[in-house]
Amino acid sequence: MLSTDTWLKIVCSMLINAILFGVGIVAVLMIPAFSDNLKVWLPVVVLLSFAIAPLLAGVVARRMRLRNWGKKQWQAGDVISG
């Protein structure tokens, strides 16, 4: 059985992967220099989104757990949540 932290990282990784892939594909299709070489840039976008997503998921998943914040820090918030 996987721990809750692992499940959070897996779910966050899938969501972040989808966002990175979407942003990358839109950028490749909108920039004329990249859209000329789609056979090269599409696999690059796919590989980069798979490589970067788990790294960012670790940061996001940590923020999703109340025990990592503490009650006072959670109520005070931070730069992202206000």
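Is W41 buried, partly exposed or exposed? Select W41 in this predicted model: the residue is partly exposed, with a relative accessible area of 29%.

Next, select the two helices, α1 at residues 4-30 and α3 at residues 38-63. Their axes come within 7 Å and cross at roughly 145°. The crossing of α1 and α3 is right-handed. Colour the residues in this contact by class: 21 are nonpolar, five are polar and one is charged.

Now pick out the largest nonpolar core. Which residues make up this core? There are six in all: L8, C12, I16, A53, A57 and A61. The elements that each give two or more residues to the core are α1 and α3, the helices whose axes cross at roughly 145°.

For the last stop, centre the view on A53, a member of that core. Hide the neighbours within four places of A53 in sequence, and the residues in contact with A53 are S13, I16, N17 and L20. Of these, I16 also belongs to the largest nonpolar core.

Definitions and conventions
Residues are numbered from 1 along each chain as its sequence is written. This is a predicted model: local features need pLDDT of at least 70, side-chain atom pairs count only at pLDDT 80 or more; totals for chains, interfaces and linings use all residues. Side-chain values use heavy atoms; hydrogens and water are left out. Axes are lines fitted to C-alpha atoms, for helices over the stretch in contact, and angles run from 0 to 180 degrees between N-to-C directions. Helices (H or I, at least four residues) and strands (E, at least two) are DSSP runs, numbered from the N terminus. A crossing is left-handed if the near helix is turned anticlockwise from the far one by less than a right angle, and right-handed if clockwise. Ala, Val, Leu, Ile, Met, Phe, Trp, Tyr, Cys and Pro count as nonpolar, Asp, Glu, Lys and Arg as charged, and the others, Gly among them, as polar. Buried means under 20% relative accessible area, exposed over 50%, partly exposed in between (1.4 Å probe, protein chains only). A nonpolar core is a set of buried Ala, Val, Leu, Ile, Met, Phe, Trp, Tyr and Cys residues joined through side-chain atoms within 4.5 Å. Contact means heavy atoms within 4.5 Å.
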